[in-house]
Amino acid sequence: MDNGPWYSKKEGSPLKLSRNASITSPRRMDNSELKLIREYNSQVSIPEHQILSFDHLLDEINFGKFQYWIYGIMALMSISEGAQITIFTLMVPILKNEWHISDSLNSLQASFVFVGYLVGSMLSGQLADRVGRKKPFLISSFFTCLLSLGTIACQEIYSLLIVRALLGILVGLFAPCGVTMISEITPGHLRGRYMGLITLTFAIGQLFGLFVADFTLISLDEGNWRLLTFWCCLPGFLAWFISLFRLRESPRFALLSGQKDLAYDIIQEMINSNKASIQFNDEMKIKLSNWTHAMNRIAKNQNNASITSLFENNRFFLTILIWFNWFILSFVYYGIVLLLPDILSHIEQGQTGRDKIIQLVVSCISDILGAVAAAFFIELKGFGRKNSLIIFFTIQAITALMGFYDIEHRFIYWATASKFFLSMTFIFSFQYTAEVYPTKIRTTGIGMANGIGRLGGVIMPWICMYMNSQKLRSPFVLFSVLSVITSLSNCFLPFETLGKELE
């Protein structure tokens, strides 16, 4: 019996199947894909060793220059998005002072952003799962940067509300496309860790926004927010400019959508860019084509890019749990982000504007540390995706409760700890959602989960700002209760995706 890899590889020679090679080797294929292949083989007579899965090929190409460019593009867009969140939260007290805006209008502004994000997320899945990942990303990212600059021209709240809503739609369009793209070009053994690290760039973006705010704002409720907006738009424009030259379509999507020549060209570019020691010859293309037929045959009439497809094939309960998880996660995380500047302005009366910005900087650094910690835990057996969601939602609930009951002087420490654990659960949720749905509906799944999550952001300002006006820090009790409920609900997720190959 040949105990080597499922193919033999010699320097300078084409990639060939070894004599006793089998694609069903338990070291190379997980149960989900093996089940699909065998189901396909029960319908057509193609030997299993004549099938080469894209994930196996991606493992051999490995991670290199090709992925670095795309990760860099997504990182810059994520930095831009994080900076925009910082601008939005800092502008709440500033506009309240400068334009004399009521709390209800500030709540409405926040709701408009999240409603827009919901609409964009719903459209993103439909577009990206039909026309590809590249075009929707390019178009939406460009107009996101353009409209971000457009906020500078707003002279009153109602025009700002419209621009904010449109921005939410555009961010909702490009964000799921980006997550799907990097999940489909990253080798399976690195996917959890590397995708976890890329999400920390959102926190870096928040830090960047605070860094610029230190030079453009006088205090948390006064300063040049237009200049702040201008500087925070630059990472997004840089990302879009680079993407014009370096962004490629997802080869997995191209394969499964019948664009084989395009997919083969991109795969060859990946091999050349990463200097992989394999030759992508006709024999491999035939085997990869067989895998494509197998996947499409199984998915036919089942996995069309529609919202209803998320509930087919025993996915109803799974999708409901994922949506609930995202809803609460967004409600709690953005609730803390929105309330933090306002609460600090009430409980730290003796501090300067710079002192308060430094406290916000520390809370953002906790997001980065949380992302790094998540990248470690996400690949550990016993933690993975599902168990990590259960564990860290529970710990976060404790920190949120302490943020209310402990003395005011220590509030910032508990709020920072809550953001640390929430940033971890965001990564686990993104990863689980990206892995649990098949390729043809992956962006739809991510987009809808993200969009439903933003519904939490829609109702959050009305509830949290009212509670906070009645009793300072009281929303943190609600955050704690919701986190406990979500932790318990995650116990019912049907399976773990750690080590699972993408379908």
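Author: **The largest cavity**

The largest cavity has a volume of about 510 Å³, where a cavity is a set of points, on a 1 Å grid over the protein atoms alone, at which a 1.4 Å probe fits but cannot get out, and where the volume is the space filled by probe spheres set on the points, joined across faces, edges and corners. This is a predicted model, in which local features need pLDDT of at least 70 and side-chain atom pairs count only at pLDDT 80 or more, while totals for chains, interfaces and linings use all residues. Residues are numbered from 1 along each chain as its sequence is written, and side-chain values use heavy atoms, with hydrogens and water left out.

The largest cavity is lined by 29 residues, of which Ser78, Glu81, Thr199, Phe202 and Phe430 are the closest to its centre; a lining residue has an atom within 4 Å of a point. Among the elements that give two or more residues to this lining are helix H3 (65-98), helix H6 (157-185) and helix H16 (411-436), helices being DSSP runs of H or I with at least four residues, numbered from the N terminus. By class, the lining of the largest cavity has 19 nonpolar, seven polar and three charged residues, with Ala, Val, Leu, Ile, Met, Phe, Trp, Tyr, Cys and Pro counted as nonpolar, Asp, Glu, Lys and Arg as charged, and the others, Gly among them, as polar.

The second largest cavity has a volume of about 210 Å³, and of its 15 lining residues the closest to its centre are Gln84, Ile85, Val113, Gly168 and Val171. H3 and H6 are among the elements that give two or more residues to the lining of this second cavity.

Technical notes:
On a 1 Å grid over the protein atoms alone, a cavity is a set of points where a 1.4 Å probe fits but cannot get out, and a pocket is an open set with protein on both sides within 12 Å along at least five of seven lines; lining residues have an atom within 4 Å of a point.
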